[in-house]
Amino acid sequence: MEIERVQDIACLSKDTIPEVFIRSENEQPIITTVHGVNLEVPVIDMSELDEQKLTHLIVDASQKWGMFQIINHGIPDEIMNQFKSVGKEFFELPQEEKEVYAKTPGTNSVEGYGTSLQKEIQGKKGWVDHLFHKIWPPSVINYKFWPKNPPSYRKANEEYAKSLHGVVDKLFKSLSVGLGLEETELKEAAGGNELVYLLKINYYPPCPRPDLALGVVAHTDMSCITILVPNDVQGLQASRDGHWYDVKYIPNALVIHIGDQIEILSNGKYKAVLHRTTVNKDKTRMSWPVFLEPPTEFTVGPHPKLVDEENPAKYKTKKYGDYCYCKLNKVPQ
């Protein structure tokens, strides 16, 4: 059975969209978005020389928001632009070329080109196609899912992956110190040197009814931390006090999401951010999140140093792969 891609549906949709993409009234962006207000999530300058101040800013944002943007992060614009450019070129290839990288049916792996990701309530669909593949460490990379066209795709992704290491270490160090742990302890408890960088490229084609559809439904990320690069088309929204707000786009900033595993490891001191994506009537939105994840067989639970009689564990300890299976299939954790 041929899978219908949203990119194809978008080409055929003029004024309406198929029923399967129309969200319920309590989800429709036109009804649920606070209009005219951009959410000023914290913007943190990573070139701050006062390490204590930088740590405080990251910890504060992770406790109160679960989301922040970072600037002056040390990744050259050229590397970011090339990384985005090759991803965009892939989605502009003829459909049959993209299907070469389609997900392997019947596997638990998310890697590959696809449309649906998780079990959706009422069988609804998000207005998005995507490509998943791992970009770090080299031992887990499966080049079968890396596009060969454009030819510079591999080099651009490898350079971006290497340029992320400094940012990753700085974030983990600050979050670890903020919990009263040693600088390296949080990263070690999240997978250490085996920490997986999983890239997802989201492609949200123009949608005739952006008031009724969502690109990605409300969710928290399963990862430890997510480092996201968007294009300049507005779409990211965060939930604050039960309302949905647009998150302001800042050129060349990285958007940081605290994910479920950091919430678990911190025993609830840091909060995973509830967010979603809206779509645009005239323009294609794209985003490039990199999910920093423990290996599948790695066990994650509240850090032992943060649990005692006065502070009992608020979360179960389980293998990361089991956690993901439960979440994607809507099975209670």
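Which side chain does the side chain of threonine 115 join in a polar contact of 3.1 Å? In this predicted model, the partner is arginine 5. Threonine 115 also reaches aspartate 129, side chain to side chain, through a polar contact of 2.9 Å. As for where it sits, threonine 115 belongs to the loop that links strand S4 (112-114) with strand S5 (129-136). Is threonine 115 buried or exposed? Its relative accessible area is 16%, and because buried means under 20%, threonine 115 counts as buried. Leaving aside residues up to four places away in sequence, threonine 115 touches Glu4, Arg5 and Val6, along with Val128, Asp129 and His130.

With 9 of its 9 residues buried, S13 is largely enclosed by the rest of the structure. Arg285, Ser287, Pro289, Phe291 and Glu293 point one way from S13, while Met286, Trp288, Val290 and Leu292 point the other way, and all are buried.

Which strands pair with S13? One of them is S6 (residues 196-204), which runs antiparallel to S13 and is joined to it by 7 bridges. Here tyrosine 203 stands opposite methionine 286 of S13. Strand S8 (residues 225-230) pairs with S13 as well, again in the antiparallel sense, over 6 bridges. In that case proline 230 has serine 287 of S13 as its bridge partner.

Methods
Residues numbered from 1 in each chain as written. Predicted model: local features only at pLDDT ≥ 70, side-chain atom pairs only at ≥ 80, totals over all residues. Heavy atoms only, no water. Helix = DSSP H or I, 4+ residues; strand = E, 2+ residues; numbered from the N terminus. Buried < 20%, exposed > 50% of the residue type's maximum accessible area, 1.4 Å probe, protein only. Polar contact = N/O pair within 3.5 Å; in protein donor to acceptor, adjacent residues only side chain to side chain. Contact = heavy atoms within 4.5 Å. Pairing = 2+ DSSP bridges.
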